[in-house]
Each structure stands twice: as structure tokens, then as C-alpha cells.
2 protein chains.
Amino acid sequence: MKPSTLLKFAPFAVLTVALVGCATDPLPSWNDRPAKKSILQFVARATKPGSADFVPPAERIAVFDNDGTLWAEQPMPFQFFFVLDRVRALAPQHPEWKTQEPFASLLKGDVKAALAGSERAVAQLLMATHAGTTTEEFAGIVSDWIATAKHPQTGHLLTEMVYQPMLELLAYLRANGFRTYIVSGGGVEFMRPWAERVYGIPPEQVIGSSIKTTFELRDGKPVLVRLPEVNFIDDGPGKPVGIQMSIGRRPLAAFGNTDGDLQMLQWTAAGPGPRFCLFVHHTDAVREWAYDRQLSVGRFDKGLDEAAAKGWTVVDMKADWKRVFAFEKL
Amino acid sequence: MKPSTLLKFAPFAVLTVALVGCATDPLPSWNDRPAKKSILQFVARATKPGSADFVPPAERIAVFDNDGTLWAEQPMPFQFFFVLDRVRALAPQHPEWKTQEPFASLLKGDVKAALAGSERAVAQLLMATHAGTTTEEFAGIVSDWIATAKHPQTGHLLTEMVYQPMLELLAYLRANGFRTYIVSGGGVEFMRPWAERVYGIPPEQVIGSSIKTTFELRDGKPVLVRLPEVNFIDDGPGKPVGIQMSIGRRPLAAFGNTDGDLQMLQWTAAGPGPRFCLFVHHTDAVREWAYDRQLSVGRFDKGLDEAAAKGWTVVDMKADWKRVFAFEKL
């Protein structure tokens, strides 16, 4: 609740302390456990005027991984659903894909076989489905697709597969003067068309992997054309690099869920003054998925150990979150 | 003057219309000529609530070239003064530079000979002086250097060689809800350490050329190491690319001074709704420098023609600016 909203209720405050106390909880989907307390304590510490730990608003940067941290990533990162649908949509223009891997497997619906290939196979799929358009055309394709794309297991829109407790956390940080950024291994132009609507994060605060683009005049009209060439991989050690390139400041707080976020949290934690690092641990096989050390994509192994060693917050989804998704009945 | 400041003077407003009219001029260093009027009209148009041309604050992005647009660039872009000083400082560690071009010429003080070489020579100089440190070390080196670096001809600090009318323009746009960005061919990490103090532009709103960096743990401490490899050239057709990468929105207004800014202005102008493009034309050989079509670095030729054809604003420095630098006596 914003202070301005609170003011409207001020006359009733004395009579309804319990009610208001409840209504003003900025993180209502979080159980009252250590993870929630650590967040509230960090924000209080960094934003208390006059205290030694006070951080000016300009430096209140919070960075969030996307897949598995803000929205689900099982059975695979959702951008691969886009790849799959785009391969199907583009297949008529590419008869050679019927026999050419990794396209052939994908078109047969065997996603695992296609993705089990080398990184090069994944790169081929990404280029074939992400390059060749202008930036504006690509944004339109993504917007159209995400408007109806559903999760194959839950049947919910992918944009509903976002974690309600994390939406509350984003809003709470912003209400306390933080700027919230996405720093994701996913494609920056795949996320921008919907990140503001879904997360409240504007395009200039989305950092991600990218392919190269080139400026062209087409019939006198300037366009940026997306090329089938990797520009930047915003994952693992690439995350601090991407943060420095785009923001030029070290974050105050970092949120992730896998070893691919570890360097981002290390970079964040190494700054002076109050810092906050949090991993989301997927422990809830009923409401979401349970996975950590065993996975190849989405592995959370070194990060789990380092969080324990350094006292970073680890969210036990099953225990810490009252609900995972907004569509759940409480 | 900010509205809040104006309020303090409100009781005197009726009696001193002429005085207040003068005091509230947001662009006091601009003569009352078409260039100034075009700026005021554009801002009024884009920010008038309820009008068809109203642009929400989130989309009010203004991008500024740096060299020759916000500060001077003669006799050469100021970053080369840094290169020169760094080559001198590092020379004792590089005895081979005494005979190796382009270092040898630079060390002899023959800047023209060194820079007259190929782009590769310039790249060599940049790498030798910009790579090999951590990002934090480099920021410290730049901060120390810029604190005392003076212009060889005027004797003024380089940070005083900024255009007073452009500082007023930056402040005026920000007072009207615009976010002001630098989009420069200069090095992003060369500009960030002082851009906020000098221009009021924070690190995350500085876009520039860059070299690659890599994440390392040194004795357990994470650092970003600057590598002698070009990452991105933010010049000419690279400027719209850099804007899309970092901001993900098309600017509403763009300000430049050479053909290297032309594509940025084209990209800006091609968007729907109110757009504003402005070139600074260096016409004042007395207070600054006069140059345009004849120069190799800093050439303003195609841009001058296109501005005329498209009706973009061209600032005639000699006629349009009451003063160029803050240190001038009026």
C-alpha cells in the first residue's frame, strides 16, 4: 500500500489497528518466516534516513533473474515454447527443416531430442526464429504470441505463470525507491514487449541476451534488422558484465534461482554497505516444481552451497510462500 | 527556474512581469531566434495534457551526442587527451613504444601523425590505454584525470568546456519530464565517472562505445576486467543500435552535431507523433571553433543537407547562443 493510500485510511487507524496492520503488509503472499523478515529488514536498513546504512534512491538498484525467479521455467524456459511455435509457423518457408536437425525433431514434437543437442543446435533454433525481422516486427510477433501462449501442463497463460510473491516484492521495492531491473539469460527483445505490463518493469530496465542488429534505410525509412549472430549472452559470468554495460552501477540487491545467477549475486554482495542476495529454491512439487542440484538447465547447486556459506536468503517456496501463482485459490 | 522556485516569487509577479518574464526563461543563454522557439514549441506540444500530441513521461526520451554537442571537440575529441596522457603515464612500462607506431609519434608529441594513421592505429591506442584494468580501477583513473585535465588552448578544465546553452536545455527537458541520455561515440566508461556531476546524467543513461569485459574472482573478490577487444562502436549507424540495446524505446528528441549523429536523428524522426531533431552547427570561430563540411573527424555535411531538407533545427552557434561557455564574461 502506498503512503498516499494509507493516508485516506488514517482516521480509522486507531480503531482498526489489527485490520490496518494486516492490510498494510507489503508482502501478503509471504509467510512470516526468516526469508520475509530478511527482505523487510534489508529495505528498512537501506532506506532509513540519517542511518549509516542509508542508500540514496539513485543507487537503489535491484536486479532480478527472470526464468525461475519471476516466472516458472519448467518443463523448459518459456522462450523455447516461442521457438517451437515459430519453427512451426516458419516451416512452410523452410522445406529443408523436415530433414535438418534440430528442426526435424522439433517439428515432430520431440523437443527433448532437439534441445539435447549441442549449444550450437540451440543457437541454430534461436537464430532461425529470432533473426531476419526488424526490431519492430519482432516486438509485434512476440506481443501477438504472448497474448495467447499457454503453459502445456497447467493450461494457464504464460504471463499468469508469474510468482505472486515476487510481484509483491517488485512492487514493495519500487515503493521504497528502488528501480527494479530484469537481468536474464533470455532474449532482451523477447521480454521487453510484455515485461512492463506483467512485472511493471519498463524496456530500459530489461537486460538480456541479444543478437546483433544493423541499421538500414528501407525506402528511406530507418529500420533495425535482427541478424543471425550472437551479440551477448547474459548468463552466468555474463550477468555482471551486462549489468555494468547497461546500468554502470553495482546493484544493491540481487534475486536469482540457479547457478547461472551466482556471479550476479557475488558481484552484488561484494559492494560496500547494505547488500541483499536471495535465491528462490524450487521446493514445491505440488504447486510448482521441485528441482535443484540434479538439473542440467536450471541447476541450483553451487549457488545453494554459497548461499549457505554467506548467509544469503534462500526462499523455500513450499514453506515461505502462501501462494505461488495468483490463480491459486487460497 | 523550477515551478517551486517560481512560487516563491508569486507575490511579486503582478508588479514585475517584465522581470519575472526574464527570470523564468528556461533557456537564458539562447537568443530569441527560431532555434530556441522550435525547442520551446516542441516541449509545449509534447507535454500539454489532453492534447493529441501529448506524450506520457515514460516515453519522453531525449538523446544527446557528447563531443561537439555537449562539450567542445576541437582540436580533437577530448578522450584523445586522455589517451595521450595515459600513453605518457604507461610509457615506462612499455619501452617498445619508443619505436613502435602509433605510440612513438604520440610520445614525441606529434598527435596528428599518430592519429593520421588507420583506424587500426587509433584502436591500438585506445586498447593500450583503456584495457587491462578492472572497471573500478578505470573509473578511478578517469576520475583522477578529469579532475585536473585542461584544454591545451583555452587553459580551462575540460569539464568547463561544456556548452552553457546545452546545460540549460538538458535541465529544461528534465524539468518537463524528459529523461536525458548521452549517446556518444566516446567510451561509455570514460564518460560515466563525470557525466552526472557535469551534465546531471546518471551512469545508466550514458550509452557509448565499449570494449569487452570479463568477470573474474581475484582472491575471492569479483572484478570485471577490461579486455583489449572492441565490444561496440556507438557511432553513425551504431547509435540507433546502441539506443535500442540500452533503452528499447525510440527517442522523442535527438541532438547531435556531425554526420556521425545522422542515423540517430533519422531513427528518432521516423517515430510517430511529435519528434524533435537538432544539430549544433559550429559557426563561431571567435568563442569556439567554426567547422563543418571540410573536416575528417567531426564532419557535418550530409547532416546539414538532411536537416535543411527535413526542417530539423540547426543551431547557428554564433547567432543563436548568447554565450557558449559558462566562463565567458557576458
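Predicted model: local features only at pLDDT ≥ 70, side-chain atom pairs only at ≥ 80, totals over all residues.
Two strands count as paired if DSSP finds at least two bridges between them.

Strand S1 of chain A covers residues 61–64. Four bridges join S1(A) to S2(A), and the two strands run parallel. Within this pairing, A:Ile61 stands opposite A:Arg179 of S2(A). S1(A) is also joined to strand S5 of chain A, residues 253–256, by three bridges, again in the parallel sense. Here the bridge partner of A:Phe64 is A:Phe255 in S5(A). The side chains of S1(A) point in two directions: A:Ile61 and A:Val63 go one way, A:Ala62 and A:Phe64 the other. What is the burial state of these residues? All of them are buried.

Strand S8 of chain A, residues 313–316, presents another arrangement, with a covered face formed by A:Thr313 and A:Val315 and an uncovered face formed by A:Val314 and A:Asp316. S8(A) pairs in the parallel sense with strand S6 of chain A, residues 276–283, over four bridges. A:Val315, on the covered face, has A:Val280 standing opposite.

Attention may now pass to a helical position. A:Lys310 belongs to helix H14 of chain A, which spans residues 302–310. Is A:Lys310 buried or partly exposed? A:Lys310 is classed as partly exposed because its relative accessible area is 46%, a value in between the 20% limit for buried and the 50% limit for exposed residues. Its side chain makes a polar contact of 2.7 Å with the side chain of A:Glu306. A:Lys310 and A:Ala269 are separated by 41 residues in sequence, while their C-alpha atoms lie 9.4 Å apart in space.

B:Thr180 lies in strand S2 of that chain, residues 179–187. With a relative accessible area of 1%, B:Thr180 is therefore buried, the limit being under 20%. Its side chain makes a polar contact with the side chain of B:Arg174 at 2.9 Å. When neighbours within four places in sequence are left aside, the residues in contact with B:Thr180 are B:Ala62, B:Phe64, B:Leu170, B:Leu173, B:Arg174, B:Ile201 and B:Gln205.

The two chains meet in an interface where 32 residues of chain A are in contact with 32 residues of chain B. Together the chains bury about 2,700 Å², of which 54% is on carbon and sulfur atoms. Of the area that chain A buries against chain B, A:Glu204, A:Phe215 and A:Trp267 supply 21%, more than any other three residues.

A:Arg179, the residue opposite A:Ile61, forms a salt bridge with B:Glu204, in which the closest N and O atoms are 2.4 Å apart. Several elements of chain A each supply at least two residues of the side that touches chain B, including helix H9 (135–146), strand S2 (179–187), strand S3 (206–218) and helix H13 (262–269). The largest share of that side, five residues, comes from H12(A). By residue type, the side of chain A that touches chain B divides into 15 nonpolar, nine polar and eight charged residues.

Key:
Residues numbered from 1 in each chain as written. Chains lettered and ligands numbered in written order. Heavy atoms only, no water. Buried < 20%, exposed > 50% of the residue type's maximum accessible area, 1.4 Å probe, protein only. Polar contact = N/O pair within 3.5 Å; in protein donor to acceptor, adjacent residues only side chain to side chain. Contact = heavy atoms within 4.5 Å. Buried area = accessible area lost by both parts, 1.4 Å probe. Salt bridge = Lys/Arg side-chain N within 4 Å of Asp/Glu carboxyl O. Nonpolar A, V, L, I, M, F, W, Y, C, P; charged D, E, K, R; others polar.
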